[in-house]
Amino acid sequence: MGGGAAYENDLNFKATELRLGLPGTGCTNEEQAVSGAKNNKRPLLETREERGSKEKSDPQHDDQETDPAPKARIVGWPPIRSYRKNSLQTKKAEAEAAAGMYVKVSMDGAPYLRKIDLKVYKGYPELLKALENMFKLTIGEYSEREGYNGSEYAPTYEDKEGDWMLVGDVPWDMFLTSCKKLRIMKGSEARGLGCGV
Amino acid sequence: MNYFPDEVLEHIFDFVTSQRDRNSVSQVCKPWYKIESSSRQKVFVGNCYAISPERVIERFPGLKSITLKGKPHFADFNLVPPDWGGFVYPWIEAFARNNMGLEELKLKRMIISDECLELISRSFANFKSLVLVSCEGFSTDGLAAIASNCSFLRELDLQENDVEDHRGHWLSCFPDTCTSLVSLNFACLKGDVNLAALERLVARSPNLRSLRLNHAVPLDILQKILMRAPHLVDLGVGSYVHDPDSETYNKLVTALQKCKSVRSLSGFLEAAPQCLSAFHLICPNLTSLNLSYAPGIHGTELRKLIRHCRKLQRLWILDCIGDEGLEVVASTCKDLQEIRVFPSDPFVGNAAVTEVGLVALSSGCPKLHSILYFCQQMTNAALITVAKNCPNFTRFRLCILDPTKPDAVTNQPLDEGFGAIVHSCKGLRRLSMSGRLTDKVFLYIGMYAEQLEMISIAFAGDTDKGMQYLLNGCKKLRKLEIRDCPFGNAALLMDVGKYETMRSLWMSSCNVTLGGCKSLAKKMPMLNVEIINETDQMDISADDRQKAEKMFLYRTLAGRRKDAPEFVWTL
């Protein structure tokens, strides 16, 4: 319990802190010492530059949202030529586009799930048509007020926050980035969603 | 020697080709100065603001070939605002006005406009060679002018430029009478090119030895071009998307079989180049391989390719080759002299190579003398081993993606490791460092790096002593560039005369103040001390205690430059 000793002089906030994690885990003295030494000279973070400077925004800095582990970027680091940086970015985008965006599609009552590449479709009408073909059913027309009325089925998706949303409410591009999986709901559940309560 | 007629001296000087040697010759005595200056054909100007074009013309009236460099090196990494400077137009205009017989122009980090390219194409009847590296300010229209008007053009070499693309008609501008091309490199162009015109151009260029295509040239055209140009020595493949069973692929294999002279290979510019086995044919003769613009070639494919490249001397590659791949390089490429390993995913901050790959290279490649290595981590032990294995390094550049990362095993600073490098590599001329570094490493560098000419430092050092050790110790230092280090006025002002022996000094995000820079400028009138001011808050009458965020100083015979933008103050 190396962490305990460091906090003897405090009001022992550490012990009463609400955290998710096993008791006894946490930053040890050793780790703190190392990070202290490292931070003797803190890398100039991008945000400081942004506040102060009027530089044109560089294309490479706009990519932060898509990084799996977002880090504060240091301007001009790593030191590679803009030409090379830009070309890598383009290629990354190309590769991602080429790779496709496969999501699982489940249908209530079906024995197994399917997978479709969302990138293949230009918009909701195409997607819904494809789902209708794949599962041999009719989904019907979307209306903001009533959802998919006139159908036993309602297409739904799980978004990044884990909520189940009705397909069609948000713009297509937003849907593409937030859709994690699809589920075709059936019966009373579906009608519940379709009811504009 | 003074009894020889001038023509004899001139003839003897013809054998002296390097600029440094010619500079030495010209300093022996006045007659030698006169003869050397009037006969010098090739001039190198490392900083276009160090001297005026008129003065160059006056001294070297026989000038035929000039190399000019513009922006500071850190401009490559977006640390210098656009429009800072480096305009080549005044030079070209002066050459044209004075009827210079310009034949070759090589520019690096400069701004060249279409008007300027047009002026070049019309002013110099014997213009033969245009090489542009990391330049900007022009479009394919300017290239069209060069193609149209330079009847004896031998070389058009565009390396990593930012070119505005107005589509590919410029290639069609080479007249049918133009048959002199030896080297054509347009790999950096983003747009389409007229493929039929390209084919015809290659067909009528019997001397073509170097051809680097851009991504818009598909495989079937490549195959046709290779059939017409089997004597190519340097090939840059554009696009390499293919179906391995196709007719086109088979034709490509046949064409490659005929290309027995290819020694240098590069390109493969699209996202996921596929199976490279067609190129295994030419690998055994390759001395230079650049796959650094081809991400997505799988490690296995890379390793297969490299196993065939036993004669490789120069390799530029992405870190997706991995430490494993570098071990293959080390065991296969015994003639390797230069290697550059670039990060394939610089934004995520993970490199796929570590100290293991570096050590493998050092132990497997005894002729290795130049390295640029982007890696995830480093250790002192590894650097010490590398120093022992390779005492012949002339260029050593190491970049750890996390710039202040200490020794990955001991958590110590990397002072001892870099110290070992400079101690062992007595011929070291260029050094870039990264990782956790204290003042100690600079003590070592000052003590041992006697031949060091250029050094790049970032996020290193603890006190002014660091920079002082450097300035005191490295007698041959020419270019020093520093960012994000705790060096201040005491270091800057310690030896002001030193800067006249150097080409330039760059300091950004350090502790030097406006006052310190003003003081330096006052003491040294032969230096231009420029402050790049990007914020509104600071103005020239501001508090001298304010930090100078970006300072660039250089020796010059031309006085303060007249083309400096508003945000650049020359003190």
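User: Where is the place of B:Lys64?

Analyst: This is a predicted model, in which local features need pLDDT of at least 70 and side-chain atom pairs count only at pLDDT 80 or more, while totals for chains, interfaces and linings use all residues. Residues are numbered from 1 along each chain as its sequence is written, chains are lettered from A and ligands numbered from 1 in the order in which they are written, and side-chain values use heavy atoms, with hydrogens and water left out. Helices (DSSP runs of H or I, at least four residues) and strands (DSSP runs of E, at least two) are numbered from the N terminus. On that numbering, B:Lys64 is in the loop between α4 (53-59) and β2 of chain B.

User: Is B:Lys64 buried, partly exposed or exposed, and what does B:Lys64 touch?

Analyst: Buried means under 20% relative accessible area and exposed over 50%, with partly exposed in between (1.4 Å probe, protein chains only). At 31%, B:Lys64 is therefore partly exposed. Contact means heavy atoms within 4.5 Å; leaving out residues up to four places away in sequence, B:Lys64 touches B:Gln41, B:Gly101, B:Leu102, B:Glu103 and B:Glu104.

User: How many disulfides are there over all chains?

Analyst: A disulfide is a pair of cysteine sulfur atoms within 2.5 Å. For B:Cys116, the nearest cysteine sulfur belongs to B:Cys135 and is 10 Å away. For B:Cys333, the nearest is that of B:Cys309, 6.3 Å away. Over all chains the count is 0.

User: Which residue does a cis peptide bond join to A:Trp77?

Analyst: The omega angle of this bond is about -5°.

User: In what order do the 5 strands of the open sheet in chain A lie?

Analyst: Two strands pair if DSSP finds at least two bridges between them. Strand β1 (102-107) and strand β5 (181-186) of chain A run parallel and are joined by 4 bridges, with A:Val105 partnered by A:Leu182. The edge strands, each pairing on one side only, are β2 (114-117) and β4 (164-166) of chain A. The pairing is mixed, and the order is β2-β1-β5-β3-β4.

User: At what angle to β2(A) does helix α6 of chain A run?

Analyst: Axes are lines fitted to C-alpha atoms, for helices over the stretch in contact, and angles run from 0 to 180 degrees between N-to-C directions. Helix α6 (124-135) lies across β1, β2, β3 (153-158) and β5 of chain A. Its angle to β2(A) is about 150°.

User: How many residues does the largest nonpolar core have?

Analyst: A nonpolar core is a set of buried Ala, Val, Leu, Ile, Met, Phe, Trp, Tyr and Cys residues joined through side-chain atoms within 4.5 Å. Those with the most contacts inside the largest one are B:Trp170, B:Phe279, B:Tyr373, B:Phe396 and B:Ile445. Helix α9 (219-228) of chain B gives the most to this core, with 5 residues. The largest core has 179 residues.
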